[in-house]
Structures are given as structure tokens and as C-alpha cells.
Amino acid sequence: MSRTPDAEYRRIHEEVTDRAEDLWRIATTLHADPELAFAEHRAAALLSGELHRAGFRVQQGTAGLPTAFVARAGERRPAVALLLEYDALPGLGHACGHNLIAAAGLGAALAARAALPDEEGSVLAVGTPAEEGGGGKALEAEAGVFDDVDAALMFHPGVYDWVRAPLTAQEQYRVGFHGRAAHPTGNPTEGVDALAALVEFFNVLSALGRRLPQASHIQGIVTQGGTATNLVPAYAEGLFGLRAATTTELDALAGQLGTCATGVARATGTTVTVERATVRYEHFRDSRPLSDRFAAHLERSGIRLTPPETGVYLGSSDIGNVSGRVPAIHPFVAIMDGGGSDHTPEFAAAAASARAREVLLAVAEALARTAVDVIGDTTLRESAWTEHGRAGAGSR
């Protein structure tokens, strides 16, 4: 039988329909058994086991991460990666809907593989741990997992139906001021108050914040501030989260943080150490050709995606590090109304709702259709790579 996109789409629809109960079972199993970053052992075993049984070749421990994996069907380019997230939030479970991301990516990978002959391209399902804090995708990208991939596809449940994800760059820094201990009444002039320096640093950052560009901010907390009220603290430390619209702007903001810290140290007679405390998340670079194709497929299910609201940013994600290397999509699809928010108990409940089930199946089919388009449509693939090159040349 000759192969056409319509025939592939019909096969994908049949596969997703046939697997609907299994996909929902997996989503709710993950939801009922949340695991935190880099400890998602049961989730990784469940998902990779499903892929192994379907004939994918599964490599565990990708990039040296025990709960990461790559499952592959096919040997050659073009290659498309479906990304699976499955970590949960402390105290809130799957209040970001990663159970749905995992099940949708799984369903899309299985359906796309079924619709394509083994000799035509490759379908990968990439298990990406620790999105909520640890940066599994960033570490995988650094390890070369996406070097021979032509597109990376995923979705995120949310409170908006947006075709593109306005995701900023972010990282955290640990700033420590070193002074000299003293008794505040016995020998106060011999002390160099590290906590006073840290407090002054917060004041300087507050002044800096009033002139930062849109989407840039620094938010800090005190992690060490002394051990007793009758001792001048010799050491004080804060943890500071930085966000910016682009990775280049984040680098500039980190430079400003260091300049402020050095200035405060000089003014207060302390010394200071500034160390990056987390993996850096790059800003997300959307592949418009692929996002538009996904949106067109999803609209067939009655879900219409629109551009994001201007000036609204929805946090950061390690998908940004992937999008800097290959064309990628990360649309938001609503599972609750716009008055709500993720990272709440209400969103966690929504991630196991009837509406979430409908979204899961619609997205799995749209992702699978987009995946086979990437493999079979040379014009789409070249368009995505061309735009990706332009975006890379324009901003980091």
C-alpha cells in the first residue's frame, strides 16, 4: 500500500484510540505516585518498560543520570525526539502536570513508530528527569543526546492555550560574605559583620531591580545569617535566583550581581564569594514552523492555540537548553481555566481530571502527527532548521 500523510494520520489516530485507556492509566499511576527530581525510579521504569515492550531499544542511565533514558526506534536520520517529563513537586505532587507530559510523549512515540516503517527515519522517546530543579534536559543536551536529532517535541499542561512558550533563562547563585567574628559589647570594633554586608547587598539589589529590563529580576533568600545574637557573624550567605528574557541578558545580569557583591564587600570590609549553585536554564527558542504545524493538528481535536500574551512570561524550563541545539516546541494546553495557576493543589487535581484525559489524548495524536511530518516532510524540516539557524545567529 502506498504511504501518504493521510494514511499515517489515520494510523496514528487508531493507535492513540486503541491505547487511550493504557495512556490514561499511566498518567494516573504517575499522578498517584509522585517522585522528586532525580529520584523518579518507578516512573522511569514504568515508561521505559512500556517502550521496551513496544520494540524500542532502551538505554538507561543516559548522561550519567540514573532516572534518564533514551528509547529509540529506527537507525537513521531524520530523527525526532519526544520528550517525557515525570518529576513532581515537593509537597504538591504533579502540580505541574508532568504525569501528562510523560504519558503524551509516550503515546506520541508509540503512535509515530507504528505509522512509520522502521527504515524511514528514527523516533526517540527521551526520559528527562528533574525539570523542576536539576535540569535533566540541560545535562542530556550537554552530553550530546540531541546531537543527531532534527526536532524535539513536547507540550506542557497549563491554564492557557498558547502555541508558543514564553520561557525565560534562569540560574541561581550562592553569595557568601566573609567577615570577622567579635562580641558586640566586649570587642565590637574588632568585628567585621558579614550579615550586615549581606543585608546591604539585598538593599543594593533592590535598587538595581528598579532599572532592570522587562522579564529580568533577582530574588534572594538568606541561607546563613549567624549562629547567635551575641556574636558578630563571621559568615553570611544568600541564595539568589536570576531570570532574564534571553540567555545573553541572563549572563549580563549575573555580571551585575557579581559587580554589586564586590562593591558591597569593599564598602563593608568583607570579602565575598559568588558561585553558581544550579544548572543554567537557557531561554526557550520556539520553532515557529513546527509549533504552527502542531497547532494545526491539535485544532482538529477542537483545541485552538493562540499566541501568548505580550509581556507575560511563564517561568523557565530546561527545554530551553534543548531548543538552542535543535528545533523544538513547547506549547501550553489548558487543563483548567485561566484564573488558576500551576504549582497549586488545584492544578494537581486538574492533572488527573476528565479534562486532562481529553487533552492528553488530543496532544498525543497531534505530537505524533507532527513527528511523522518532521520525518516525512523535507520542506518542513528544512524550514525548521533554517529558522533555527537564524534564531541562533540573532540571540543566545
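Hi everyone. The expected span of a helix is 1.5 Å times one less than its number of residues. Keep that in mind while we look at this structure, which is a predicted model.

H11 has 23 residues, and from its first C-alpha to its last it reaches 34 Å, close to the 33 Å expected. Is H11 mostly covered or uncovered? Mostly covered: 18 of its 23 residues are buried.

Now let's step back to the whole protein chain. It contains 12 helices and 12 strands. Its C-alpha trace spans about 90 × 45 × 40 Å along the principal axes. A compact globule with 396 residues would have a radius of gyration near 21 Å, and the protein chain has 24 Å, which agrees. Of those 396 residues, 53% are buried.

How about contacts? Take those between residues at least 6 apart in sequence: 81% of them join residues at least 24 apart.

The accessible surface comes to about 16,500 Å², and carbon and sulfur atoms account for 50% of that. The chain has 34 positive and 48 negative charges, and their mean positions are 3 Å apart.

Where does it lie? Look in the loop between strand E7 (169-178) and helix H6 (194-209). His183 has a relative accessible area of 33%, so we call it partly exposed, a label for values between 20% and 50%. Leaving aside residues up to four places away in sequence, His183 touches Pro188 and Asn230. Pro233 is 50 residues away from His183 along the chain, yet their C-alpha atoms are separated by 9.5 Å.

Notes. Residues are numbered from 1 along each chain as its sequence is written. This is a predicted model: local features need pLDDT of at least 70, side-chain atom pairs count only at pLDDT 80 or more; totals for chains, interfaces and linings use all residues. Side-chain values use heavy atoms; hydrogens and water are left out. Helices (H or I, at least four residues) and strands (E, at least two) are DSSP runs, numbered from the N terminus. The radius of gyration is taken over C-alpha atoms; the globule rule is 2.2 Å times the number of residues to the power 0.38. Buried means under 20% relative accessible area, exposed over 50%, partly exposed in between (1.4 Å probe, protein chains only). Contact means heavy atoms within 4.5 Å. Accessible areas come from the Shrake-Rupley method with a 1.4 Å probe; for residues, only the protein chains shown count as cover. Lys and Arg count as positive and Asp and Glu as negative; His and the chain ends are not counted. The place of a charge is taken as NZ of Lys, CZ of Arg, CG of Asp or CD of Glu.
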